[in-house]
Amino acid sequence: MKKPHAKTYYVRGGKPLRGEVRVSGAKNAATKELVAALLADAPVTLHNVPEIGDVRVTLEMLAELGAKVSFENGTAVIDVRRLKTEKVAEAFSRKNRIPILLLGPLLHRFGKAMIPALGGCTIGARPIDFHLDALRKMGASIMCEKGFYVATAKKLKGAIIDLPFPSVGATENVMLAAVKAKGTTIIRNAAVEPEIMDLAVLLQAMGAIINLDVNRTWVIEGVDSLHGAEHCVIPDRIVAASFMVAAALTGGDVFVRDARQTDLLSFLNALRRVGVPFEAREDGIRVTAPKELQPVVIETDVHPGFMTDWQQPFVMLLTQAKGVSIVHETVYEDRFGYTDALVKMGAKIQLHSECLGGKPCRYINHDYRHSAVIVGPTPLKAAEIAIPDLRAGFSYLIAALIAKGKSKITGVEQIERGYEDVIGKLKSLGAEIEVK
Ligand code: EPZ
């Protein structure tokens, strides 16, 4: 697999995207499932693993720990029988959010785990207090020493964990610790995203006893050991939504193969309300050019709500809708920073710290600019833009695809962390993009 290097995208706008694109496997399922392989006492095989930066980093991290790793044509095989260390190298600090999930599996293996400080997108404070509090409740002792979290536990034990917010990462972290803990773990107010469901499916295939109960509650009975398994990662619902918006906004006609309607329900409702025609089929979703886009009010939320990672492409749609739209971001406090560049390109977007357009969220009475008012339609003009984070990155690509002139986009390694062969796929749909 090729390593990414510093590149720049030059995008000439104005070409409608037409044809077919296949959605790759979900980054936010695949990376966690690679970590789950650490719990098995025989090889785990994952299919439909996307060839993206975050997968490469996760595979390198497992290999550094001593795992035998192979990755070819979307199939990864992880064999951790000869794992040699409980310490994740400092080189993996600040690359993504995955290392913290290794705490449980390494504790089970070595009784000790050392994890470097975290990275990922800069879209808010992104603390890990829920993760640490939960693991402490399960019997781990965790300290922070010289940029590392150092955890020890002779044997993790089941516990009742009440999450203050349905955090995706914290839910996964507790799951990965609970499947081999002594006794039963109950995670209340947990996240239930499709990617977490997919992780649960893999864990069950590996021998775990794991159940989703009513009211966002996971119940996990610890078992002594987990075996190898073979599993196919679900398609990426964020990548699917991103391509659908790009197709609609460029006035194109694209069949997004493998996009799953069940995972995209809230997104497709919003798409319909805004006026984008789509046809959902068993094998994918076709999006065609809208006649006129209508303004809407949307609020991001945890699953099954409108996900925060759809917000950025959707804001792009709203810059071209006729009238005033509102987007209330309730998952992250600081996820609109990317809109400055869109304003520079001609979009009319204003940010407010009030909870606009919906119910008050946990950011009420804070100074976080987490509501956006978007007035459209405004033609966009090409610009030089630097990508601040992964999802903003695809939105900038969409902006450049509909702008007049040639845009220069830097910081593209952010996009390549999460979108497989993004330029190859856009070019195959007719986009005019040069990579230098
Ligand atoms: C995951 O991040 C995803 N990342 C994010 O996708 C996604 O936006 C997010 O879930 C929400 O769906 C991965 O799966 C790798 P959270 P995660 O814990 O797990 C607060 C992308 O582009 N919180 O659900 O880090 C937190 O600050 C990325 O693919 C605490 O306060 O998100 C946030 O406001 C971006 N304390 C909220 O909870 C904690 O200990 C939700 O975060 C943990 C979280």
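This is a predicted model: local features need pLDDT of at least 70, side-chain atom pairs count only at pLDDT 80 or more; totals for chains, interfaces and linings use all residues.

Q: In which sense do β3 and β5 pair, parallel or antiparallel?

A: Strand β3 (residues 44–47) and strand β5 (residues 75–79) are antiparallel and share three bridges.

Q: How is the packing of two helices described, and at what angle do α1 and α2 pack?

A: An α-helix has 3.6 residues a turn, so residues three or four places apart point the same way. In this model α1 and α2 pack at about 5°, and their axes are 10 Å apart. The two helices α1 and α2 are therefore roughly parallel. From α1 the contact uses Lys27, Ala30, Thr31, Leu34 and Val35, and from α2 it uses Asp54, Val55, Thr58, Leu59 and Leu62. By class, this contact of α1 with α2 comprises six nonpolar, two polar and two charged residues.

Q: Is lysine 27 buried or exposed?

A: Lysine 27 belongs to helix α1 (residues 27–36). Its relative accessibility is 7%, and because buried means under 20%, lysine 27 counts as buried. Apart from neighbours within four places in sequence, its contacts are Pro50, Ile52, Asp54, Asp236, Leu390, Arg391, Arg417 and Gly418.

Q: At what angle do α4 and α5 pack, and which residues make the contact?

A: Helix α4 (residues 129–137) and helix α5 (residues 168–178) pack at about 25°, with axes 8 Å apart. Accordingly, α4 and α5 are roughly parallel to each other. Their crossing is right-handed. Phe130, His131, Ala134 and Leu135 of α4 meet Gly169, Ala170, Asn173, Val174 and Ala177 of α5. The contact of α4 with α5 contains six nonpolar residues, three polar ones and no charged ones.

Q: Why is strand β8 described as largely enclosed by the rest of the structure?

A: In a regular strand the side chains alternate between the two faces of the sheet. Strand β8 (residues 148–152) has four of its five residues buried, so the rest of the structure largely encloses it. Strand β6 (residues 112–116) pairs with β8 in the antiparallel sense over five bridges, and lysine 112 has threonine 152 of β8 as its bridge partner. Strand β7 (residues 141–145) also runs antiparallel to β8, joined by five bridges; there, isoleucine 142 is partnered by alanine 151. Two residues separate β7 and β8 in a hairpin, and lysine 146 in the turn has a positive phi of about 45°.

Q: Which residues of α8 are buried, and what covers them?

A: In helix α8 (residues 265–274), the buried residues are Ser266, Phe267, Leu268, Ala270, Leu271 and Val274. Their cover includes α7 (237–249), β15 (278–281), β16 (284–288), β17 (297–299) and α9 (311–319). Glycine 275 follows α8 and has a positive phi, near 105°.

Q: What is the strand order of the open sheet that contains β17?

A: Four strands make up this open sheet, in the order β17-β18-β20-β19 and with mixed pairing. Strands β17 and β19 (348–352) are the edges, each with a single partner strand, so one side of each is left without a neighbour in the sheet. Neighbouring strands here are turned by 15° against each other on average, direction ignored. Strand β18 (residues 323–328) and strand β20 (residues 371–376) run antiparallel and are joined by six bridges, with isoleucine 326 opposite valine 373 in β20. Helix α9 lies across β17, β18, β19 and β20, at about 30° to β20.

Methods: Residues are numbered from 1 along each chain as its sequence is written. Side-chain values use heavy atoms; hydrogens and water are left out. Two strands pair if DSSP finds at least two bridges between them. Axes are lines fitted to C-alpha atoms, for helices over the stretch in contact, and angles run from 0 to 180 degrees between N-to-C directions. Angles under 35 degrees count as roughly parallel, over 145 as roughly antiparallel, 65 to 115 as roughly perpendicular and the rest as oblique. A crossing is left-handed if the near helix is turned anticlockwise from the far one by less than a right angle, and right-handed if clockwise. Contact means heavy atoms within 4.5 Å. Ala, Val, Leu, Ile, Met, Phe, Trp, Tyr, Cys and Pro count as nonpolar, Asp, Glu, Lys and Arg as charged, and the others, Gly among them, as polar. Buried means under 20% relative accessible area, exposed over 50%, partly exposed in between (1.4 Å probe, protein chains only).
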